[in-house]
Amino acid sequence: MTAKGWTVVLSGGGAKAAAHLGAVEVLRDEGIRPDRFVATSMGAVLAAALASGLSTREVGERLASVSRSDVAQVSPVSLVRGWLARALLRGEPLHRTISRLIPAKRFADLVIPLSVTATDLDSGQQVVFGAGGEDAPLEEALYASCALPVWYPPSHMGGRRLADGGLRGAVPLRVAAQFPAQGVIAVDVGPGFDTGPRHGKDRAPPLLKVHSDASRIMMAGLTELELAWWAGQPTLPPLWYVRPTVPSGATFALSDLTKFIEEGRRSMRAKLPLDLGADTDRL
């Protein structure tokens with residue numbers, strides 16, 4: 001392997017992001033060790049845990065201890081204030097859960113470089129924390145990256161309101177393009193036009209359902225644009241795009257973590273071997 005190494009890009013996707021653990025496990029079993037992570041939303045949380053030095057098994061065990069109430073507590077204020085509330089869910093439980101999952105407290109403590117993306121709600125700009133970007137407390141940067149509007153209140157850092165990185169790209173390939181690499185492996189469990197029916201019975205109120213559908217369409221479109229942009233850049237390193245088969249609407253499906261991890265393994269095995277000398281379209 002060259003000194004440039006491998007960049008692994010991990011998408012957002014809530015509980016579905018557990019598939020990233022299976023995918024990275026297969027890579028490591030094949031002797032392909034990530035030299036850099038670029039990630040957003042829940043993918044960034046799992047990337048931070050792996051970049052802290054934990055094995056995929058250890059991260060999986062920590063993730064299995066998380067319950068729905070650990071990440072999705074309805075804010076009493078939202079029930080009282082209605083339209084005037086900042087978000088449906090409380091942010092503090094998600095903060096605590098991120099802290100519990102990640103042993104490191106600073107980007108400088110990570111053993112593998114990590115770039116985390118968030119979105120500035122006022123300027124609309126993508127914000128990068130960690131490698132190649134701004135420094136910030138790791139937990140706060142990860143919370144900002146996960147704070148999907150309507151569901152979670154935004155993070156406030158440096159006078160900015162920061163929210164989910166997926167608003168600017170659920171698969172942040174343009175950030176990965178900033179770093180030299182032997183190859184880039186992107187694992188995408190985020191919204192897409194290829195996903196199946198909603199997970200289980202959707203009991204969400206109609207307004208939230210429509211908001212989620214609109215977000216899914218927007219993020220899926222952004223992913224298509226990112227992939228098309230990469231394909232049109234001949235100087236960039238080879239890209240392997242891995243798309244585990246996961247249902248849409250499974251953001252909080254914590255009971256299915258084992259299924260998601262196994263699907264991550266299956267989809268990555270199907271992509272191997274990664275032949276740098278091949279002339280075929282790796283996308």
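1. Helices here are DSSP runs of H or I with at least four residues, strands are E runs of at least two, and both are numbered from the N terminus.

2. A word on provenance. This is a predicted model: local features need pLDDT of at least 70, side-chain atom pairs count only at pLDDT 80 or more, and totals for chains, interfaces and linings use all residues. Residues are numbered from 1 along each chain as its sequence is written, and side-chain values use heavy atoms, with hydrogens and water left out.

3. Helix 2 (residues 41-51) is mostly covered. Eleven of its eleven residues are buried (under 20% relative accessible area; exposed is over 50%, partly exposed in between; 1.4 Å probe, protein chains only). Among them are S41, G43, V45 and A51.

4. Helix 2 packs against helix 3 (residues 56-64). Their axes come within 9 Å and cross at roughly 130°. Axes are lines fitted to C-alpha atoms, for helices over the stretch in contact, and angles run from 0 to 180 degrees between N-to-C directions. The two helices are therefore oblique to each other, a class left over once angles under 35 degrees (roughly parallel), over 145 (roughly antiparallel) and 65 to 115 (roughly perpendicular) are taken out.

5. Which residues make the contact of helix 2 with helix 3? Helix 2 supplies M42, L46, A49 and L50, while helix 3 supplies T56, V59 and L63 (contact: heavy atoms within 4.5 Å).

6. Salt bridges number 14 in the whole structure. The criterion is a side-chain nitrogen of Lys or Arg within 4 Å of a carboxyl oxygen of Asp or Glu. R265 and E25 form one, at 2.8 Å from N to O. R265 sits in helix 10 (residues 257-271) and E25 in helix 1 (residues 19-29), so the pair ties together parts 240 residues apart in sequence. E25 is partly exposed, at 21% relative accessible area.

7. D122 and R161 also pair, at 2.9 Å from N to O. D122 lies in the loop between strand 3 (114-120) and strand 4 (126-130), and R161 in strand 6 (residues 160-164), 39 residues apart. D122 is exposed at 52% relative accessible area; R161 is partly exposed at 32%.

8. In the K259–D256 salt bridge, the closest N and O atoms are 3.9 Å apart. K259 is exposed, at 58% relative accessible area. D256 counts as buried, at 11%. Salt bridges with shared partners join E25, E262, R265 and R269 into one network.
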